[in-house]
Amino acid sequence: MAKNGEERENYEAHVLAVDDSLVDRKVIERLFKLTSCKVTAVDSGRKALQILGLDEGEKSAFDARNSDINFDLIITDYCMPGMTGYELLKKIKGSSTFREIPVVIMSSENILTRINRCLEEGAEDFIVKPVKLCDVMKLKRLMFGEKNRVFNKRKLEETYEASPNGALSISSRSSSSSPSSLDENELVRLENLML
Amino acid sequence: MEVGQLQRSFLEYTSALFREGFLDGQFGQLQLLQDESNPDFVVEVVSLFFEDSQRILTDLTTALDQKNVDFKKIDAHVHQLKGSSSSIGAQRVRNACIAFRNFCEEKKVEACVRCLQQVNQEYLLVKTKLEALFRLEQQIVAAGGVIPVLNDF
């Protein structure tokens, strides 16, 4: 059920950040908190799966499948010892519970084959490190703060295709484009049209 | 020293660090993330970087000292250091790491030892300079002033 305006304003998106580097975790956490998101930061893909309840081995203190904890975005480093970000991405996209959560990959290496592989596997975006404030602000648009975010985004695209006179053009979800560059106010206005 | 003077010294010192390539734009990004609710953010992140780097540099020294050098392990360590230095904007450390990784690929121990010396040197340099910068900040705050922000980095 869509939230009313006030609930939407107060909703804090919850981000799961995965990075083996302590320095990077601290920076990512701050970047997202600055854009009013709650952040859970873990140091491995394994821990991320445990929190999601997808780890076949140990059980975490809380299991996101059974709790009220919902993640609006998962952002993960690519190069990590143990499980890579790519492997984590595959596990998440392979889960019926979590495959709708947007996953963003970060990497210090700008390798086209790597980027394509991740996008093909369903990553929403690929960010080359070091991560900047503008990168995170762009990601905010992926989250919207609505539980049915994915539904809304698709509906937005359908709405736009149906009205060729729409003033804005939504970039198609091709592999190399960045998330839709709709202005925040436009997004809210369009959402309200659908309520 | 009065506040205005301290602030000018701070700005001059910071500019020089950027100009001389010790720091790059990413350091400026970190400064953007600092505010009244998180007044020590930059110091905290940089301190983590110092701890992390110290550990990695020690591990690298040990690894290169082995009879059978594990280049893969060394590369992994250098990759880590490259990442964290990049994240705080320590440009010269990052560049030294990139050069180091090239020699890891070629599996040349002597060259790697020299690279490690280079990385270590750059690390100590930036550490000294950042510590001086933070001391200046403390002086400004102690004198009742606000830490000025450099606009162009």
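A crossing of two helices is called right-handed if the near helix is turned clockwise from the far one by less than a right angle, and left-handed if it is turned anticlockwise. Keep that in mind as we walk through this structure, which is a predicted model.

Let's start inside chain A, with a pair of helices. The crossing of H3(A) and H4(A) is right-handed. To find them, look for residues 45-52 of chain A, which form helix H3, and residues 85-93, which form helix H4. Their axes are 10 Å apart and meet at an angle of about 15°. Angles under 35 degrees count as roughly parallel, so that is the word for how H3(A) and H4(A) run relative to each other.

Who touches whom here? On the H3(A) side you'll find A:Gly45, A:Ala48, A:Leu49 and A:Leu52, and they meet A:Leu88, A:Lys91 and A:Ile92 of H4(A).

Staying in chain A, two spots in the backbone are worth a look. One is A:Ser36, in the loop that links helix H2 (22-34) to strand E2 (38-42). A:Ser36 isn't a glycine, yet its phi is positive, at about 60°. The other is A:Pro130, which sits in the loop between strand E5 (125-128) and helix H6 (133-143) of chain A. The peptide bond leading from A:Lys129 into A:Pro130 is cis, and its omega is near 5°.

Now zoom out to where the two chains come together. The size of an interface is often given as the accessible area lost when the parts come together. For chain A and chain B, that comes to about 1600 Å², with 61% of it on carbon and sulfur atoms. On chain A's part, A:Val23, A:Lys26 and A:Arg30 supply 38% of the area buried against chain B, more than any other three residues. In terms of contacts, 15 residues of chain A touch 22 residues of chain B.

What about charges? Side chains of opposite charge can pair when their charged atoms come close. Between chain A and chain B there are three salt bridges. In one salt bridge, the side chains of A:Arg30 and B:Asp35 meet at 3.2 Å, N to O. Over all chains, the count of salt bridges comes to 16. A:Arg30 belongs to helix H2 of chain A, while B:Asp35 is in the loop between helix H2 (25-32) and helix H3 (41-64) of chain B, so this pair joins two chains.

Methods. Residues are numbered from 1 along each chain as its sequence is written. Chains are lettered from A and ligands numbered from 1 in the order in which they are written. This is a predicted model: local features need pLDDT of at least 70, side-chain atom pairs count only at pLDDT 80 or more; totals for chains, interfaces and linings use all residues. Side-chain values use heavy atoms; hydrogens and water are left out. Axes are lines fitted to C-alpha atoms, for helices over the stretch in contact, and angles run from 0 to 180 degrees between N-to-C directions. Helices (H or I, at least four residues) and strands (E, at least two) are DSSP runs, numbered from the N terminus. Angles under 35 degrees count as roughly parallel, over 145 as roughly antiparallel, 65 to 115 as roughly perpendicular and the rest as oblique. Contact means heavy atoms within 4.5 Å. Buried area is the accessible area (1.4 Å probe) that two parts lose on being put together, summed over both. A salt bridge is a side-chain nitrogen of Lys or Arg within 4 Å of a carboxyl oxygen of Asp or Glu.
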